[in-house]
Structures are given as structure tokens and as C-alpha cells.
Amino acid sequence: VQLQASGGGLVQPGGSLILSCAASGSIGKINVMGWYRQAPGKQRDLVALITNSGTTNYADSVKGRFTISRDNAKGTVYLQMNSLKPEDTAVYFCAAGWVFGTSIYQMDYWGEGTQVTVSS
């Protein structure tokens with residue numbers, strides 16, 4: 001499975017960005033896609049995930065501001081980021097894998113990161 005992410009950039013606080021991630025290859029091996037982020041000097045953290053059936057999971061820090069969606073026909077997942085804050089600045093990574101049950105995620109595939117910078 002290959003993941004191609006796009007859409008990062010520089011935005012002012014309060015602004016919006018959309019990230020997209022297209023999966024290709026053996027997409028039958030995945031039933032969940034999403035985004036993680038890593039700020040300088042910090043660990044990589046979950047941002048949002050979405051399963052093939054549309055079930056979503058968000059980090060508390062982005063609930064109400066970020067929305068994850070997917071187009072199964074295109075194998076693409078989107079992250080709409082609104083009301084961006086400086087603390088959202090990070091490298092964002094697209095990931096894909098398999099969810100077991102409702103809460104056990106095994107993310108085996110990772111795309112190259114895309115930088116999101118929120119600054120005035």
C-alpha cells in the first residue's frame with residue numbers, strides 16, 4: 001500500500017487547511033486511514049482516523065475543529081482543519097492499516113509527512 005499526502009502549508013491562526021491522502025496498491029489490506037502529527041521534539045500523536053464504514057476517532061485537542069472524511073471509491077481520505085492554532089503546527093503523516101474490533105488499530109503503512117505551520 002502506498003500513501004500520497006498533499007495539502008500542507010502555512011496558515012494564519014484561525015485559518016483553515018485541507019489535507020488529502022490517496023492510497024494505492026493493495027488497498028484490500030486496509031480498512032482504516034487517518035492522520036498523525038509530530039511536532040519538533042515531541043512524539044507522533046493521533047489526530048484522526050476513519051474506518052471503511054465511516055467510524056471516526058479524533059484526538060481531544062482537535063474535536064470540533066477538524067473533520068476527517070473519505071471517498072472509498074477513490075481510496076482517498078481528507079482532513080478538513082478549521083480554527084487552526086499555533087499548537088497545531090507539526091508534520092502531519094497519513095497512515096493506513098487495520099482496525100480490530102472497535103479500538104485496536106494497527107497502522108502498517110505510512111506516507112511521507114507534510115508540514116503544517118500555523119503562524120502570523
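This briefing describes the strands, cores and selected residues of one protein structure. The model is predicted. Its largest nonpolar core has 29 residues, and a second, separate core has 6 residues.

**Strand pairing**

- S4 is largely enclosed by the rest of the structure, because 6 of its 7 residues are buried.
- Strand S9 (residues 90–100) also pairs with strand S10 (residues 104–110), in an antiparallel arrangement of 6 bridges. Phe100 stands opposite Ile104 of S10.
- The hairpin of S9 and S10 has 3 residues between its strands, and Gly101 adopts a positive phi near 70°.

**Nonpolar cores**

- Among the 29 residues of the largest nonpolar core, those touching the most other members are Met33, Trp35, Leu79, Met81 and Tyr92.
- Met81 touches Gly15, Ser16, Leu17, Leu19, Arg65, Phe66, Tyr92 and Val116, leaving aside residues up to four places away in sequence.

**Buried positions in the strands**

- Ala96 belongs to strand S9. Its relative accessible area is 0%, so Ala96 is buried.
- Beyond its neighbours within four places in sequence, Ala96 is in contact with Leu3, Ile30, Val32, Met33, Gln106, Met107, Asp108 and Tyr109. The C-alpha atoms of Ala96 and Gln106 are 8.2 Å apart, although the two residues are separated by 10 residues along the chain.
- Val77 is part of strand S8. With a relative accessibility of 0%, Val77 also counts as buried.
- The contacts of Val77, with residues up to four places away in sequence not counted, are Leu19, Ser20, Cys21, Met33, Trp35, Ile50, Ile68, Ser69, Arg70 and Cys94. Met33 lies 44 residues from Val77 along the chain, and the C-alpha atoms of this pair are separated by 6.9 Å.
- Ser20 is located in strand S3. Its relative accessibility is 19%, and buried means under 20%, so Ser20 counts as buried.
- The side chains of Ser20 and Ser6 make a polar contact at 2.9 Å. Apart from neighbours within four places in sequence, Ser20 is in contact with Gln4, Ala5, Ser6, Trp35, Thr76, Val77 and Tyr78.

**A buried aspartate in a loop**

- Asp88 is found in the loop between S8 and S9. Its relative accessible area is 1%, so Asp88 is buried.
- The side chain of Asp88 forms a polar contact with the side chain of Arg65, at 2.7 Å.
- Not counting residues up to four places away in sequence, Asp88 touches Arg37, Arg65, Phe66, Ser83, Val116 and Val118.

**Aromatic rings and a charged neighbour**

- The structure holds 1 aromatic pair.
- Arg44 lies over the face of Phe93, at 3.7 Å from the ring centre.
- The charged end of Arg44 also sits over the ring of Trp110, 4.9 Å from its centre.

Note on methods. Residues are numbered from 1 along each chain as its sequence is written. This is a predicted model: local features need pLDDT of at least 70, side-chain atom pairs count only at pLDDT 80 or more; totals for chains, interfaces and linings use all residues. Side-chain values use heavy atoms; hydrogens and water are left out. Rings of Phe, Tyr and Trp (its six-membered ring) pair if their centres lie within 6.5 Å; planes under 30 degrees apart count as stacked, over 60 as edge-to-face and the rest as tilted. A charge sits over a ring if NZ of Lys or CZ of Arg is within 6 Å of the ring centre and within 35 degrees of the ring normal. Two strands pair if DSSP finds at least two bridges between them. Helices (H or I, at least four residues) and strands (E, at least two) are DSSP runs, numbered from the N terminus. A nonpolar core is a set of buried Ala, Val, Leu, Ile, Met, Phe, Trp, Tyr and Cys residues joined through side-chain atoms within 4.5 Å. Buried means under 20% relative accessible area, exposed over 50%, partly exposed in between (1.4 Å probe, protein chains only). Contact means heavy atoms within 4.5 Å. A polar contact is a pair of N or O atoms within 3.5 Å; within protein, one must be able to donate a hydrogen and the other to accept it, and residues adjacent in sequence count only if both atoms are side-chain atoms.
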